[in-house]
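Please read it alongside the model.

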Amino acid sequence: MVSIAASHILLGAGAAWLLLHRDRVRIPRVWLPILVFLAATLAAAAFSPAPAAAWPQIRKFYVWLFLPVVYSGVRRASEASLVLAAMAVCGTASALWGLAQFEQKYVGAAARGEDFYQSYVAERITGFMSHWMTFSSHVMFAFLAAVAFLLLARNRRAPVWIFCGGVTAVALVLGFTRSIWPAAAAGMMFLVWHWRRWFVLATPVAIVALVLFAPEPLNRRIESAWKPSKLDSNDHRQALRRTGLRMIEAHPLVGVGPEQVGPRFLEFAPPDVPRPLPSAWYTQHLHNIYIHFAAERGVPAAVGLVWFLALVAWQLGRGAAGVDRAVPLAAVAAIIGTAVGGYWEVNLGDSEVLGALLSMIACGYAVRDEEAAA
């Protein structure tokens, strides 16, 4: 949540320690879909026209170590709560830094006489991260953890989680990442459902009020979801999805190859896609985890990934009946948010996002195991 370099160094140290203490190794019973996803990636690399180009994606297998390392290290519900609370606090700190960045950008645009919306959507707040998409996903995880602790935890410490939830909520809104808004809303509704089911009915009212009364430039960003400006055209993502479907149709089993979506984009782009491509279009990935992984690595890889998310959500959601349910339900809410946001972004292609989600999942399993043994 703070530094990808530091977390990966510590991850390696934790994995090395477990190699020396193999009796401490624990792996949740979700390894089969993970193996399907990783094996499909290797098969896609083997059949790729450029196998060497697949190395960055194979190297990311390392990130999956977060699941066994955190699960092996976190043994009790109290430890899992502490880890998730630390993640929420770090995410809140990143959100606070992001809000300071927002103020700097707003004042800077005014001083230069620029239209704030046009300058901001191309260079948004990032907090501790290097990109606004990573930042938004991390802040969503922190927000959902704060909401879970506030509504569902045995020891709520309400002032702390009200503060963290409020700061992260504001950062999510001002981050202007449209895909994260329905993602965070879906995760929050899941948590509210487990707290007071009738309160979920208030959510549509809140959404309508936000759409109707949001100030500029927030209103303009919300409106761009159905009325895009020249800078922010939804035609881009429609073209990406259509191209990805053509890739899947041509190569359903192994895809076009890891890291080959961008180089082979024009080969599969529909005839009506403008050529040359608009300079603002990003075509190295397809802004959709389901289509992208199926197009890049084949349908089995996409199935493995969806199977993993669904299986974890089912196991943690089913087992969260005890008093310590905030942590496992926060992990399920994060999965829901990631799955919803994944329709518009390749969020799980980001090591920071994948590592944080796997850490939340591992904490959820630690609590579930202690509840089951009680």
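**Helix packing and salt bridges**

1. Helix α12 (residues 235-250) and helix α14 (residues 289-297) have axes that come within 8 Å and cross at roughly 35°. Axes here are lines fitted to C-alpha atoms, for helices over the stretch in contact, and angles run from 0 to 180 degrees between N-to-C directions. Helices (H or I, at least four residues) are DSSP runs, numbered from the N terminus.

2. This is a predicted model, in which local features need pLDDT of at least 70 and side-chain atom pairs count only at pLDDT 80 or more, while totals for chains, interfaces and linings use all residues. Residues are numbered from 1 along each chain as its sequence is written, and side-chain values use heavy atoms, with hydrogens and water left out.

3. The crossing of α12 and α14 is left-handed, meaning that the near helix is turned anticlockwise from the far one by less than a right angle. On α12 the contact (heavy atoms within 4.5 Å) involves R241, G244, L245, M247 and I248, and on α14 it involves I291, A294 and A295. By class, six of these residues are nonpolar, one is polar and one is charged. Ala, Val, Leu, Ile, Met, Phe, Trp, Tyr, Cys and Pro count as nonpolar, Asp, Glu, Lys and Arg as charged, and the others, Gly among them, as polar.

4. α1 packs against helix α4 (residues 66-73) at an angle of about 65°, the axes being 10 Å apart. α1 is therefore roughly perpendicular to α4 (65 to 115 degrees). The contact is formed by S7, H8, L11, G14, A15 and L18 of α1 with F66, P68, V69 and S72 of α4; six of these residues are nonpolar, four polar and none charged.

5. The structure holds eight salt bridges, each a side-chain nitrogen of Lys or Arg within 4 Å of a carboxyl oxygen of Asp or Glu. One of them pairs R26 with D369, with the closest N and O atoms 3.9 Å apart. R26 lies in the loop between α1 (4-20) and α2 (31-46), D369 lies in helix α17 (residues 351-373), and the two are 343 residues apart. R26 counts as buried because its relative accessibility is 19% (buried means under 20% relative accessible area, exposed over 50%, partly exposed in between; 1.4 Å probe, protein chains only).

6. E79 and R76 also form a salt bridge, at 2.8 Å from N to O. E79 is partly exposed at 24% relative accessibility, and R76 is partly exposed at 46%.

Technical notes:
Angles under 35 degrees count as roughly parallel, over 145 as roughly antiparallel, 65 to 115 as roughly perpendicular and the rest as oblique.
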